[in-house]
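Please look over the sequence and the model shown below before reading on.

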Amino acid sequence: MPNASTPVATHMATHTVRPKIEFQRLGKRFHRKSQSVTVMEGLDLTVNEGEFVCVVGPSGCGKSTLLNMSAGLMLPSAGKVLYDGAPVPEPNTKVGYVTQKDNLMPWRTVTANIALPLQIRRMGKDAIRNRVAEMIELVGLAGFEKAYPGELSGGMRKRVTLARTLAHKPEVIFADEPFGALDAQLRGIMQQELLRIWAASKCTVVFITHDISEAVALGDRVVVLSARPSQVKVDVPIDLPRPRDLSKLRFDPRFSELNEYLWSVLSEDLNEGDEV
Ligand SMILES: Nc1ncnc2c1ncn2[C@@H]1O[C@H](COP(=O)(O)OP(=O)(O)OP(=O)(O)O)[C@@H](O)[C@H]1O
């Protein structure tokens, strides 16, 4: 039975390693009324360009806070967040954010929802039309261009969200439990889709999840955060070959071994009744 001391393979980089996001001695403290909570302290982590990095950790350890600071939506209390080697003092327009909620505009068609970030960036009409068509093709929504979000299934709405996020060619996608609300089957389909889209777009992905098997299935690395004040507990290279067929992956002994190892590391920080 693997335990926290199970050795893991050394990192097998398949691309040139260039830091995209760096967290250096990062600290975050929130104050509310007379109380203050230190969410993270001295956290060091580097996400390299083109990597798919999954982050897991006990509930409330600051995973969403970490993404918010990476996207420039929140400032650190201590330490630094660097994007391409420079601090992120304001919302970073080079990144895309996908969350559990899809935030689609119900009065806009699929096409109009996907076009929104491009209109905000004042792209020309023809360029928008071409880019939206490309995105609809990429996420497999052909035939639904004129549909409204209320007419779509959960999976299709998720596809629209992904298309909207990818439309402005973000360099990095921050995904905060994007498939958390989907049923198991749909989740599997969307995970496979995301891997395909990531491979096609060559962007960097930072993906937060509560599901260790999802993290192992998708990631180049799985980073486990400790309980508050959080730090990186382990940073595990996932040496499963790509491209990955997720329907077969769960029968791979290495997949099970990595799952068990990560679960044993994570469970050290969970108290009885805690959620991951
Ligand atoms: N804007 C804020 N003001 C005050 N406290 C906050 C704020 N944002 C987050 N927190 C607190 O910081 C801690 C970490 O929150 P965060 O949502 O980042 O954790 P998480 O690891 O993503 O949690 P979960 O896994 O449950 O989604 C929590 O205790 C939360 O209450």
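Helices (H or I, at least four residues) and strands (E, at least two) are DSSP runs, numbered from the N terminus. This is a predicted model, in which local features need pLDDT of at least 70 and side-chain atom pairs count only at pLDDT 80 or more, while totals for chains, interfaces and linings use all residues. Residues are numbered from 1 along each chain as its sequence is written.

The residues of α1 that are buried, meaning that 20 or more other C-beta atoms, placed from the backbone, lie within 10 Å of their own, are K63, L66, L67, M69 and S70. These residues lie on the same side of α1, because they cover an arc of only 160° around the axis, the arc being that of the directions from the helix axis to the C-beta atoms. Just after α1, G72 takes a positive phi of about 75°.

The shell around the ligand consists of F30, R32, V37, V39, G57, S59, G60, C61, G62, K63, S64 and T65, a residue being counted if its C-beta atom, placed from the backbone, lies within 6 Å of the molecule. Two or more of these residues come from each of β1 (19-32), β2 (35-48) and α1 (63-70), and α1 gives the largest share, 3 residues. By class, the shell holds 4 nonpolar, 6 polar and 2 charged residues; Ala, Val, Leu, Ile, Met, Phe, Trp, Tyr, Cys and Pro count as nonpolar, Asp, Glu, Lys and Arg as charged, and the others, Gly among them, as polar.

Turning to the strands, an open sheet of 4 strands runs in the order β2-β1-β4-β5 with antiparallel pairing, and its edge strands, β2 and β5 (86-87), each pair on one side only. Two strands pair if DSSP finds at least two bridges between them. Elsewhere, a hairpin joins β9 to β10 through 6 residues. Two antiparallel pairs are set out here.

| Strand pair | Bridges | A bridge partner pair |
|---|---|---|
| β1 and β4 | 5 bridges | I21 and Y83 |
| β9 and β10 (232-237) | 5 bridges | V222 and V236 |

Finally, an unreviewed UniProt entry places the feature "domain: ABC transporter" at residues 21-252, although such annotations may be inferred rather than shown by experiment. That span is 33% helix and 28% strand, and its end C-alpha atoms lie 31 Å apart.

How values were computed. Buried ≥ 20, exposed ≤ 12 C-beta atoms within 10 Å, placed from the backbone.
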